[in-house]
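Below is a short report on the fold, its sheets, its ring pairs and its cores. Please read it alongside the sequence and the model.

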Amino acid sequence: MFTIVDFNNFWSPSGGGVRRYHLQKMAFYEKLSSESEEQVLSVFVMPDSKTFTEKKSDSLVIEHVEAFRFPGKWEYRFLWKPSQIEPVLAKYKPQVIEVGSPYLLPTMVRRAAKKIVPEAVLLSFWHADFPITYVQRPVANKFGKALGNLSKNVAFWYARQEFKRFDGIQVSCNEVLRRLDRHKLPTSHWIPLGCDIQMFSPAKRDESLVQKLKDGKPDRLTIFFPHRFCEEKGIELLLGAYPILCEKLGCEPALVFAGTGPYLPQVQEAVEKYPHIKYAGFISSIDEMARHYASVDLGLALSGWETFGLSILESMACGNAQIGASTGAAAEHIRESGAGVVLKERTPQALADAIVELYHSDMATMKQNARAYAEKFSWADCFKRQLELYKLIYNQKRKK
């Protein structure tokens, strides 16, 4: 039995892209035993409030492990003790171990693996470009560019320590892949994520929702923002751009927010101030998310630090042209698809200008381009490609 064990402290029951990755990966492996003759077992180690084993099929097991919960609404828990890691490795003796978060866990897993399964392949998945997103950017914003660059280099040094002796790092954005190679992290492997193009489709358009948002004006621009309410995702830009848009378009756009985060009070204040700004709460239903995507005119991908941007692809799959940041996966998707406009500057005025430019462009063609581009990405292809990579690296390591 070829066994894969996944550890990831970025998992959260109310999380976004990382949660979606693991849910789709579990769905892929849960069906694998009934659809293929391959003897493969995937074990996801889920940080939880108590420890127990949940067997989903002959090819998927979830090991719930009791872990400390961080305060806050996002329900993150933290695995780091040998007593949380070693029993799982001893129970399954995996050929491949994947670590999806960079803080302490890679070192703890590496030490446990050396003790219990020294022949196992150690791989990371670079779900968050933390030296740039969580270190350089906030430090530079507060203390200046020089200190920001210094802190970035320190963060990459830390990453090299955490991932030393790992056999590789999986990356879903070419810009990020090149950055990791420049900073001399273990060999990077491009593994693009997927999109459920049946679930996320223009066919999910709900005319009653469309009419509600248009509110008697067929030409009213409609926008959906289902991202975390934080500076990184561009919430300040959007709130600042909205009154400029109202003036430029001569009509208040309909703007629907969904989610939560530190800027929730500012969103609620905007809802009270502008009649066409709505707050849909936290949407946990994938079908409901697809309904909203398919019922608006355009999507926003304002974070310049996405490592793939699942929400961008899901919006594009629903036929939405995009306004995107000039860096990261957002820019990569828009430039390769021809389905949107990239921001020239990260300012409210530049965002308003880009939205107006897109609104007055050939939106129909851009929407077609968006859908056609999203159709290139499949979760099944993602995990088949990943499984081939697992086996390739494992076989190469055995021959050494």
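## Sheets, rings and cores

Eight strands build an open sheet of mixed pairing, in the order β3-β4-β2-β1-β7-β8-β9-β10. Strands β3 (52-57) and β10 (188-190) stand at the edges with a single partner strand each, so one side of each lacks a neighbour in the sheet. Direction ignored, neighbouring strands here are turned by 25° against each other on average. The model is a predicted one.

Strand β9 (residues 168-171) runs parallel to β10, and three bridges join them. Gln 170 stands opposite His 189 of β10. Helix α6 (residues 174-182) packs on the sheet here and touches both β9 and β10. The direction of α6 makes about 170° with that of β10.

β3 pairs with strand β4 (residues 60-66) in the antiparallel sense, over five bridges. The two strands form a hairpin, with two residues between them. Phe 52 has His 64 in β4 as its bridge partner. The ring of Phe 52 also carries a charge: the charged end of Lys 50 sits over it, 5.8 Å from the ring centre.

### The parallel sheet

Six strands form an open sheet with parallel pairing, in the order β13-β12-β11-β14-β15-β16. Its edge strands are β13 (277-279) and β16 (340-342); each has a single partner strand, so one side of each is left without a neighbour in the sheet. From one strand to the next, the twist averages 20°.

Strands β14 (residues 298-301) and β15 (residues 321-324) pair in the parallel sense over four bridges. Within this pair, Leu 300 stands opposite Ile 323 of β15. Two helices lie across strands of this region. Helix α9 (residues 264-273) lies across β12 (254-257) and β13, at about 130° to β13. Helix α12 (residues 328-337) lies across β14, β15 and β16, at about 135° to β16.

Which residues does Leu 358 contact, leaving aside its neighbours within four places in sequence? They are Leu 298, Ala 321, Gln 322, Ile 323, Gly 340, Val 341, Met 363 and Met 366. Leu 358 itself belongs to helix α13 (residues 348-359). Its relative accessible area is 0%, so Leu 358 is buried. Leu 358 and Gly 72 are 286 residues apart in sequence, and their C-alpha atoms are 37 Å apart in space.

### Aromatic pairs

The structure holds 23 aromatic pairs. Two of them are set out here.

| Ring pair | Distance of centres | Angle of planes | Class |
|---|---|---|---|
| Tyr 21 and Phe 383 | 5.8 Å | 50° | tilted |
| Trp 126 and Phe 163 | 6.1 Å | 55° | tilted |

Tyr 21 lies in helix α1 (residues 17-35) and Phe 383 in helix α15 (residues 379-399), so their pair ties together parts 362 residues apart in sequence. Tyr 21 is buried, at 0% relative accessibility. Phe 383 is buried as well, with a relative accessible area of 0%.

Trp 126 and Phe 163 also link distant parts of the chain, 37 residues apart. Trp 126 is in the loop between β8 (121-125) and α4 (130-143), and Phe 163 is in the loop between α5 (145-162) and β9. Both residues are buried.

### Nonpolar cores

How many residues make up the largest nonpolar core? It has 51 residues. Those with the most contacts inside it are Phe 2, Ile 4, Tyr 29, Leu 193, Phe 224 and Tyr 390. The largest share of this core comes from α15, with eight residues.

Ile 4 shows some of the packing. Not counting residues up to four places away in sequence, Ile 4 touches Tyr 29, Val 40, Leu 41, Ser 42, Val 43, Val 96, Leu 387 and Tyr 390. Another core, of 41 residues, lies apart from the largest one. Among its residues are Trp 126, Phe 130, Phe 156 and Cys 173.

Phe 2 takes part in one further arrangement. Lys 391 lies over the face of Phe 2, at 5.8 Å from the ring centre.

Key
Residues are numbered from 1 along each chain as its sequence is written. This is a predicted model: local features need pLDDT of at least 70, side-chain atom pairs count only at pLDDT 80 or more; totals for chains, interfaces and linings use all residues. Side-chain values use heavy atoms; hydrogens and water are left out. Two strands pair if DSSP finds at least two bridges between them. Axes are lines fitted to C-alpha atoms, for helices over the stretch in contact, and angles run from 0 to 180 degrees between N-to-C directions. Contact means heavy atoms within 4.5 Å. Rings of Phe, Tyr and Trp (its six-membered ring) pair if their centres lie within 6.5 Å; planes under 30 degrees apart count as stacked, over 60 as edge-to-face and the rest as tilted. Buried means under 20% relative accessible area, exposed over 50%, partly exposed in between (1.4 Å probe, protein chains only). A charge sits over a ring if NZ of Lys or CZ of Arg is within 6 Å of the ring centre and within 35 degrees of the ring normal. A nonpolar core is a set of buried Ala, Val, Leu, Ile, Met, Phe, Trp, Tyr and Cys residues joined through side-chain atoms within 4.5 Å.
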